[in-house]
Amino acid sequence: MSKTSIFTKAVHAGLDSTENHGSLSMPVYNASVYAFANADEAAEIHNEIKPGFYYGRIGNPTTAALEKAIAELENAGEGLAFASGMAAISAAILTNVKTGESLVAPRSGYSTTQHLLSFLRSEFRVETIFVDAADASAYEAAAKNNTKLFLIETPSNPILQITDLAAVADSAKRLGIVTLADNTFATPFNQRPLDLGIDIVAHSATKYIGGHSDLTAGLLAGRADLMEAARQKGARLFGGNIAPQVAWLALRGIRTFALRMERHNSNAYALANMLESDGRVKKVYYPGLASHQNHEIAKRQMSPGFGGMISFDLGTLERGRSFVNSVKLCALATSLGGVESIVQHSASMTHATLSPEERKAAGIGDGLIRFSVGVEDLEDIRSDIRSALDAIEP
Ligand SMILES: *Cc1c(COP(=O)(O)O)cnc(C)c1O
């Protein structure tokens with residue numbers, strides 16, 4: 001059976017129908033301890049000479065199926081599952097960068113990743129050099145002798161900045177630097193960074209992979225040797241392992257993942273165009289719009305679509321607040337990637353602790369709305385957005 005289409009891959013990923021009595025749904029192994037047949041087997045499995053399971057933090061059959069699934073979707077050697085996106089990202093960073101070394105990262109990106117990087121700088125002397133990631137050559141220009149990692153987030157949270165993955169991967173290879181790309185927004189439906197030369201992909205599976213706003217999980221996928229290093233250090237030592245029940249939910253999410261993404265893509269594309277043609281909206285950030293700063297790069301590295309995330313600026317804090325107070329179908333909430341449409345006002349939520357000047361430096365306007373476009377009927381979402389725009393005081 002050919003599984004080259006991502007629609008087919010998503011339905012079957014990670015499942016071996018010759019195991020588990022042919023069960024088409026991976027069973028949940030509620031087990032933290034596994035018995036050995038004898039001392040020889042105990043020694044072999046425990047020392048990872050022979051494959052097998054022995055302790056919950058180190059591995060679980062349900063978790064292993066999810067890891068296999070993300071590896072198949074991202075065309076990776078291996079996958080690794082964690083309790084959250086941040087557990088995955090921190091494991092990947094700390095496996096590749098030590099005290100006294102540095103990494104290069106985007107100036108604007110997911111807020112908790114940014115907080116992690118300043119924590120690592122102040123508490124562990126791991127330095128981050130921040131760059132304008134819209135310009136891929138900024139990574140190489142910023143690299144120092146002690147730089148070990150290039151961190152990329154494309155499209156970025158929340159302003160959908162696009163970084164040229166192939167260009168950053170090329171310079172990293174020349175310099176012997178590992179590349180880590182947060183693929184949460186695009187998902188492997190729209191973008192496969194490993195195919196473009198990136199070493200490790202990270203996901204908050206809390207978002208599109210899970211897809212139903214009912215779990216917290218993180219994933220890494222990449223070259224087998226890098227995944228093995230992350231497994232031995234970031235996963236085993238820090239212990240952010242995913243619960244088997246949650247791994248099962250994430251696998252369940254993956255089954256319909258391609259179908260959902262197709263709808264997220266088409267709804268978001270239509271709504272981005274509608275927002276851009278509305279005079280009350282100051283600016284729209286969506287990589288699928290010709291007006292996007294890096295639309296040409298997005299077209300090259302994202303296919304078939306540009307994802308379900310849009311940001312748009314209503315100009316002022318008051319107008320942003322008024323808009324999120326006026327939506328009815330869309331939920332006012334802080335996450336993204338679920339089946340339901342969600343809006344958030346960055347300046348009063350995720351980026352409230354920053355000063356207006358710091359927000360400006362990160363490219364986040366006071367009237368910025370982050371819009372996670374759901375899979376509801378397009379006309380229903382459209383009319384909710386129109387009514388909320390109508391309700392804003394001029
Ligand atoms: C949500 C998110 C994360 C963090 O994931 P958690 O599952 O919340 O830990 C990382 N990167 C991006 C782009 C995200 O949107």
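Lysine 207 puts a polar side-chain atom 2.8 Å from an oxygen atom of the ligand. On its own the ligand would expose 380 Å², and the protein buries 92% of that (areas by the Shrake-Rupley method with a 1.4 Å probe; for residues, only the protein chains shown count as cover). Keep in mind that this is a predicted model: local features need pLDDT of at least 70, side-chain atom pairs count only at pLDDT 80 or more, and totals for chains, interfaces and linings use all residues. Numbering runs from 1 along each chain as its sequence is written, and side-chain values use heavy atoms, with hydrogens and water left out.

Two other side chains join in. Serine 204 has a side-chain N or O atom 2.8 Å from an oxygen atom of the ligand. Aspartate 182 goes for a nitrogen atom of the ligand instead, with a polar side-chain atom 2.7 Å away.

## The shell around the ligand

In total, 15 residues surround the ligand (a heavy atom within 4 Å of it). The closest are Met86, Asp182, Ser204, Thr206 and Lys207. By type, the shell splits into 6 nonpolar, 6 polar and 3 charged residues (Ala, Val, Leu, Ile, Met, Phe, Trp, Tyr, Cys and Pro are nonpolar; Asp, Glu, Lys and Arg charged; the others, Gly among them, polar). Helix α4, residues 85-96, gives the most to this shell, with 3 residues (helices are DSSP runs of H or I, at least four residues).

## Phenylalanine 238

Phenylalanine 238 is in the loop between α9 (224-235) and α10 (244-255). Phenylalanine 238 counts as exposed because its relative accessibility is 52% (exposed means over 50%, buried under 20%, partly exposed in between, with a 1.4 Å probe and protein chains only).

Key. Helices (H or I, at least four residues) and strands (E, at least two) are DSSP runs, numbered from the N terminus. A polar contact is a pair of N or O atoms within 3.5 Å; within protein, one must be able to donate a hydrogen and the other to accept it, and residues adjacent in sequence count only if both atoms are side-chain atoms.
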